[in-house]
Amino acid sequence: MVFDVFFLQQVINGLSIGCVYALMAIGFTLIFGVLNVVNFAHGEVYTIGAFVGLMVITALAPPLLAVVPLVLAVGAASGVGLERIAFRPFRRFTDEASQKSRAMREATLLSSLAVSIVTREIMMHIFGGDMQGIPSGYLLQQPVAIGPIMVASGSLVIFATSAVMLGALQFLLYRTQTGLGIRAVSNNQLGARYVGINTDRTIVTTFAVGSMLGATAGILVGLYDGAISPHMGFAPGVKAFVAMVMGGLSSIPGAVACALLLGVSESIATEFLSSGWKDLITYSLLVITLVFFPQGLFGHGRERA
Amino acid sequence: MRKHTVLGTALGAVLGAMLAATAGATAVQAADREIVIGYQAPLSGDRSQYGEMFRNAAQIKLEEFNASGKLAGAKVAITFEDSKDDPKEARNIAHKFLDNSKVVGVIGDFSSTVSMAAGEIYAAEKMPQLSQTASHPDFTKLSPWQFRNITTQAFEGPYNADWIIAAGMKTAAVIYIQNDWGISALDGFVSGFKAKGGKITATEAFNPGNRDFRSILTKVARQKPDVIYLAMFYEEGAAFAQQREQLGIKIPLYGTSSLYSPKLIELGRESVEGLHLATTFTPDNPDPAVQTFVKEYAARFKTEPGMFAAQAYDAVGIMLDAVAKAGPSVTRESLRDALAATTGYPGVTGATSFDPVTREPAKALAKMTVKDGRFQVVTGP
């Protein structure tokens with residue numbers, strides 16, 4: 001008997017892990033959508049969010065909801081800092097040829113990778129490589145029974161946060177002046193500049209928003225996992241990247257849908273094969289998507305210079 | 001003619017002075033001869049916490065040894081290299097140690113995979129290598145130059161299997177990390193468990209770095225085994241136990257000695273209550289050598305040493321005792337022979353002797369369980 005309550009539990013497990021990937025993929029995709037470059041340091045912003053959250057919790061023991069604004073602020077600050085260090089220096093040349101040049105894009109990709117490695121090593125020196133436990137009052141691990149299905153409270157919080165983030169971001173992008181600016185810059189940076197949009201400010205805003213979401217994801221997943229380490233951003237970062245590519249690179253709802261799809265596929269793969277196969281399933285899905293849907297599952301066929 | 005004699009005398013005097021100076025320098029060198037032991041371990045990357053423990057423990061042992069005066073006429077130094085738990089880095093380090101003529105022996109690496117990658121080079125170039133933790137059965141089969149002071153999974157697996165069977169449990173699911181060590185732990189346990197009439201319901205591998213075990217737990221729970229056997233490290237063990245509790249699964253947990261660390265309880269809290277494992281080291285052991293080590297480690301590093309720190313402390317001790325036995329003018333060859341002759345080294349992880357043929361260590365294991373938030377020795381089955 002395969003399609004029983006255990007199978008349903010397996011789908012729920014998959015959605016829980018998918019939500020973790022989605023939470024990270026949202027901020028990641030936002031930044032990619034605007035700049036058209038991969039921000040490899042997103043995983044470190046996520047880790048910074050987790051560590052700052054833990055430091056606040058251990059130092060002040062505030063109510064959980066009070067931790068969130070602080071993590072958001074730190075996320076925004078690290079986004080702005082990251083943009084200043086790794087991305088702005090490459091935007092000095094504003095002519096069309098430089099903006100479309102491949103070399104320029106690859107340079108920012110590598111500079112963000114460099115920032116990510118430096119940040120991770122600094123965190124390792126400060127906090128050590130060991131896993132840090134979360135004080136038990138803050139853990140989001142209480143089992144919640146929904147009929148015969150068991151879910152951790154953290155899964156529900158992460159699911160709700162993903163939904164709120166996605167909704168808020170869609171509102172920001174499609175209902176506000178800032179969002180209009182972000183979409184204009186994402187569509188054509190030079191064009192946006194010509195019609196009087198302050199592209200630098202728009203890009204900084206995008207980084208701030210994307211990194212706020214990333215940092216929040218970090219602390220939430222930390223509370224859900226029960227432990228954080230300077231390396232925690234890497235594995236979900238890779239999965240979020242795959243979700244983003246499968247979702248069509250700049251579609252945020254697409255990235256979320258693909259993140260959930262990845263989570264459920266991994267979980268069901270465990271049921272039929274073995275857990276050791278689950279990364280293979282993820283990358284096979286990526287390859288299949290790229291072969292049959294070169295624009296991603298939710299892509300718009302936008303030109304990529 | 002006279003001129004020549006004067007010149008000759010002057011020259012002779014200068015030469016004599018130079019000779020005397022050189023002789024003096026040689027004498028000074030002999031007194032302060034430096035013998036270097038190479039230590040390769042993951043000091044950065046996501047296994048760096050183990051490397052840090054090894055280095056901490058090694059420093060304590062080295063200072064004790066140099067202060068003890070066991071080796072007259074020489075000082076021993078340990079040079080650390082960071083292998084990042086990466087076989088490629090380990091090979092580079094192996095070449096670096098081989099090129100340094102002062103290095104007479106090497107301790108490390110952490111994982112079996114990385115230890116064996118470096119071990120192939122040490123085997124070919126004749127450098128004695130002692131790993132504190134490589135427990136894959138093939139490690140000591142590389143060449144007569146490999147040693148370890150940890151019990152292998154071929155020994156520990158059947159030991160745990162006997163323990164589980166004796167407790168009246170007949171079916172087991174095995175969850176293991178997908179690497180050389182994990183596979184050897186799986187093999188050791190499964191063969192021992194089957195030999196005693198036990199039945200394995202499932203063997204599930206997971207990739208290193210994985211922190212989500214809910215889907216494995218759900219799959220295993222369907223088969224309702226009597227026990228789940230964990231072949232993994234403490235970070236994963238703590239996450240596994242927590243998620244087991246969240247999913248409301250009550251199947252008891254047994255595991256390999258690699259789970260033994262105060263961190264397991266710190267991270268896993270109530271969820272690891274009742275977890276069983278066998279280990280060579282317990283900080284509660286009243287043996288004065290163990291208590292001295294535990295106190296010194298806690299005083300310096302503000303944390304209680306776990307099995308990994310104890311393994312490194314003993315590995316360094318075994319290596320240094322062999323250096324002392326081989327004398328102040330120790331070579332790689334004489335150090336290997338001295339290591340091979342180790343019998344009854346009194347360490348904090350019990351007495352260690354190397355089998356003259358296989359160079360495998362003989363050690364005793366203690367049965368432990370987590371009770372009331374700490375590891376306690378189990379007496380009975």
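Me: Before we start on this predicted model, what do buried, exposed and partly exposed mean?

Reply: It all comes down to relative accessible area. Under 20% is buried and over 50% is exposed. Whatever lies in between is called partly exposed.

Me: Okay, so is A:Leu297 buried, exposed or partly exposed?

Reply: A:Leu297 sits in the segment after H12 of chain A. Its relative accessibility is 35%, and the in-between class runs from the 20% cut-off to the 50% one. So A:Leu297 counts as partly exposed.

Me: Which helix gives the largest share of the nonpolar patch on chain A?

Reply: That surface patch includes A:Leu261, A:Val287, A:Phe293 and A:Leu297, among others, and together its members have about 760 Å² of accessible area. Four of the residues come from one helix, spanning residues 278-292. That helix is H12.

Me: What radius of gyration does chain A have, and why does that fit a compact globule?

Reply: Chain A has twelve helices and four strands, and its C-alpha trace spans about 60 × 50 × 35 Å along the principal axes. With 305 residues, a compact globule would come out near 19 Å, so chain A agrees with that. Its own radius of gyration is 19 Å.

Me: Over on chain B, is B:Asp372 buried or exposed?

Reply: B:Asp372 lies in the loop between strand S14 (366-371) and strand S15 (374-377). Along with B:Glu245, B:Glu270 and B:Glu273, B:Asp372 forms a negative surface patch. Its relative accessible area is 63%, and the cut-off is over 50%, so B:Asp372 is exposed.

Note on methods: Residues are numbered from 1 along each chain as its sequence is written. Chains are lettered from A and ligands numbered from 1 in the order in which they are written. This is a predicted model: local features need pLDDT of at least 70, side-chain atom pairs count only at pLDDT 80 or more; totals for chains, interfaces and linings use all residues. Side-chain values use heavy atoms; hydrogens and water are left out. Patches are made of residues with over 30% relative accessible area and no salt bridge: like charges are joined within 9 Å, nonpolar side chains (Val, Leu, Ile, Met, Phe, Trp, Tyr) within 5 Å. Accessible areas come from the Shrake-Rupley method with a 1.4 Å probe; for residues, only the protein chains shown count as cover. A salt bridge is a side-chain nitrogen of Lys or Arg within 4 Å of a carboxyl oxygen of Asp or Glu. Lys and Arg count as positive and Asp and Glu as negative; His and the chain ends are not counted. The place of a charge is taken as NZ of Lys, CZ of Arg, CG of Asp or CD of Glu. Helices (H or I, at least four residues) and strands (E, at least two) are DSSP runs, numbered from the N terminus. Buried means under 20% relative accessible area, exposed over 50%, partly exposed in between (1.4 Å probe, protein chains only). The radius of gyration is taken over C-alpha atoms; the globule rule is 2.2 Å times the number of residues to the power 0.38.
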